Amino acid sequence: MTDNHFIPKSFIKRYWSEKGLIRKNSISKGTVNYKDTSFGTWGFVQNLYSNKLEAYFGLIEGDAAIPIQKVLKVEPLNTLQKQALVGFIVIQYIRNPVFIESHNEKLKPIIEQHYGVEKANDTEHVQFIYESIFNNHEVYRNLSKPLFDNQWVLVRSPQKAIVLPDTCNIFTNVNGEPLTVVPLTVSDCLVILPQKADEYPWPWYITATPELERWLLCFLIEHSRAEFLSSAEQNIATIETIESCGEKIIRTILKLGKSRSVSTERTNFRPTAF
């Protein structure tokens, strides 16, 4: 039996633990209960990947270490550093158990059709097919293109309201346009907007208003499967549901970024009034 971290242990330790402890929040029937525990006890499942794929993930994590630090310092990334960080963000999405289960479920009838029911229920065979994704350039290209093309924004939360869902990075669509949200620390969240990027090689830097902090918190909890990490300063007891939360986040960031001459004309995305 092997413990496979779907969120890197080093990432949790460096950015989400305080004195070796994390605040693990568990969601149950609309309420939240927390437990402070060791950073090494969260973010893993047994026998999720092969040893070869686990080693590959280790290389990706190592390549992304400096780019993450530079983003947190709002420093420009060179081409290789941006490629490394985009790779890390995409890999974190497709190595997550939620993605894997969804992928395997969609593929099951196809496996049955081509290989038979026995193969469709063969764990090793299903895992082999899943891991072939990492040699599929089209899958990577489709997921990574908006990350290369669109505007990066580092949102800093004064109240440490950023949480890390057990789904890690959020890839979603708002009004048909891609939105990616990457929680980095309890105070920092990288948001890749639907808008095309400006000419500068560094993210915008925005300090979140209380309103934006609330919406990011709700958005990240909403996209958690069962658990999330938070700052020990946050005592989250219930789950708040906000309609059109992603749209509100985009709209607020664009409003805060007006001084940077941001224009919604760069995309088909049109935020509606609320």
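**View 1. P183 meets C189 where two strands pair.** In β9, P183 has C189 as its bridge partner. This is a predicted model, in which local features need pLDDT of at least 70 and side-chain atom pairs count only at pLDDT 80 or more, while totals for chains, interfaces and linings use all residues. Residues are numbered from 1 along each chain as its sequence is written, and side-chain values use heavy atoms, leaving out hydrogens and water. Strand β8 (residues 177-183) runs antiparallel to β9, with four bridges between them, and a hairpin of four residues connects β8 to β9. Strands here are DSSP runs of E, at least two residues long, and helices are runs of H or I, at least four, numbered from the N terminus; two strands pair if DSSP finds at least two bridges between them.

**View 2. The other partner of β9 is β5.** Strand β5 (residues 150-156) and β9 share six bridges in the antiparallel sense, and L154 has L190 as its bridge partner. Of the nine residues in β9 (residues 188-196), eight are buried (under 20% relative accessible area; exposed is over 50%, partly exposed in between; 1.4 Å probe, protein chains only).

**View 3. R23 and D36 form a salt bridge.** Their closest N and O atoms are 2.9 Å apart (the rule: a side-chain nitrogen of Lys or Arg within 4 Å of a carboxyl oxygen of Asp or Glu). R23 lies in β2 and D36 in β3, so the pair ties together parts 13 residues apart in sequence. R23 is buried at 8%, whereas D36 is partly exposed at 39%.
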